[in-house]
Every structure is written in structure tokens, then in C-alpha cells.
Amino acid sequence: MNRHTRTIEVGGKTYTLTAKRSLLIKLGEICPEMLRLDPKDKVEDLGTDFEIEAGIKIATNMDAIFYDMIKIAHPEITREKSDEIYDTFCEEYNDVEVALINFIKSVFTGGIPKEQKKNLNW
């Protein structure tokens, strides 16, 4: 399985979710303060209030993020159908939002370890 995709079974049907870096646009719409962080800031300096507030905004809008992930492999699914699938997903499984957030984060923080990559010799 590609690290950018997850297969889920919801309501007896199988769907594929795809997390792309373009999700950053959706996350920026939901929680714009995440994009205005100074790269020199340390996470511990931002405090847990920032993390909690950002987490709440993202969780509250997870249905919109879910739609962005499901429509890549299933372009025929409408937003309304996506919302139905998401609601059923949440009814059938525990901790859906946490799992989806971890999946999304893996796209931005994952990758091939530096020591396994080639070096540029310019």
C-alpha cells in the first residue's frame, strides 16, 4: 500500500483515501494560523493552547478534509455522499478523527530517511 493512501471499509463498501500535499490548502483554509508560523518557532514555545485550538478546528472540519481525500480515488462521489460515508465511518469505528489526522500528518512528516537518499554533488 502506498503511504499516501488508505483503504477503508464503510457500510460494507471499500473506499480509498488519498492524502496529498495539496491538503495543505484545505488545512490553510480551516486553520490559517498554521501557515503563518515562523519556521524558527519551536512547537513547545507555541503552547498547548495553540495545538488544542488547531486540533479542534481541524476535527470540526474533518468532513471537508475527508471529502478532499476520498474524491481523488472516487471522483464520482459528491460532497453529500462523502458526508454520509464519513458519518457512517465515525459510527462504525473508534477514533476516526485521530486516525485521519495521523494519516494526514504522515504525508507532511514522512518520507525516506536522509541517510537513504542520494546526495547532490554540484
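Trainee: Is Asp68 buried or partly exposed?

Mentor: Remember first that this is a predicted model. Buried means under 20% relative accessible area. Asp68 has 17% relative accessibility, so Asp68 counts as buried.

Trainee: Which side chain meets that of Asp68 in a salt bridge?

Mentor: To read a salt bridge, look for a side-chain nitrogen of Lys or Arg within 4 Å of a carboxyl oxygen of Asp or Glu. Here the side chain of Lys71 meets that of Asp68, with 3.6 Å from N to O. Both residues lie in helix H3, three residues apart, which is about one turn of the helix. Lys71 has a relative accessible area of 35%, so Lys71 is partly exposed, whereas Asp68 is buried.

Trainee: How many salt bridges does the count come to?

Mentor: By this rule the count is four. Two of them can be followed in helix H4: Arg79 pairs with Asp83, and Glu84 pairs with Lys81.

Trainee: How far apart are the closest N and O atoms of Arg79 and Asp83?

Mentor: They are 3.0 Å apart. Along helix H4, Arg79 and Asp83 are separated by about one helical turn because they are four residues apart. Arg79, with a relative accessible area of 28%, is partly exposed. Asp83 also counts as partly exposed, at 22% relative accessibility.

Trainee: And how far apart are the closest N and O atoms of Glu84 and Lys81?

Mentor: For that salt bridge the figure is 3.8 Å. Glu84 and Lys81 are three residues apart in helix H4, so about one helical turn separates them. Glu84 is partly exposed at 47% relative accessibility, and Lys81 is partly exposed with a relative accessible area of 34%.

Trainee: Let us turn to a loop. Where is His74 found?

Mentor: A loop is read by naming the elements on either side. His74 is in the loop between helix H3, residues 62–73, and helix H4, residues 79–92. Its relative accessibility is 14%, so His74 counts as buried.

Trainee: Which residues does His74 touch, not counting those up to four places away in sequence?

Mentor: His74 touches Thr14, Tyr15 and Thr16. Although His74 and Tyr15 are 59 residues apart along the chain, their C-alpha atoms are separated by 7.8 Å. The side chain of His74 also reaches the backbone nitrogen of Thr16, at 2.9 Å.

Trainee: Now the whole chain. How many helices and strands does the chain have?

Mentor: The chain has five helices and two strands. Reading from the N terminus, the order of elements is β-β-α-α-α-α-α.

Trainee: What share of the residues counts as buried?

Mentor: The chain has 122 residues, and 29% of them count as buried; Asp68 is one example, and His74 is another. The accessible surface of the chain comes to about 8,600 Å², with 52% of that belonging to carbon and sulfur atoms.

Trainee: What part of the contacts with a separation of 6 or more comes from residues 24 or more positions apart?

Mentor: Such residues account for 60% of those contacts in the chain. His74 and Tyr15, which touch, are 59 residues apart along the chain.

Terms used
Residues are numbered from 1 along each chain as its sequence is written. This is a predicted model: local features need pLDDT of at least 70, side-chain atom pairs count only at pLDDT 80 or more; totals for chains, interfaces and linings use all residues. Side-chain values use heavy atoms; hydrogens and water are left out. Buried means under 20% relative accessible area, exposed over 50%, partly exposed in between (1.4 Å probe, protein chains only). Contact means heavy atoms within 4.5 Å. A polar contact is a pair of N or O atoms within 3.5 Å; within protein, one must be able to donate a hydrogen and the other to accept it, and residues adjacent in sequence count only if both atoms are side-chain atoms. Accessible areas come from the Shrake-Rupley method with a 1.4 Å probe; for residues, only the protein chains shown count as cover.
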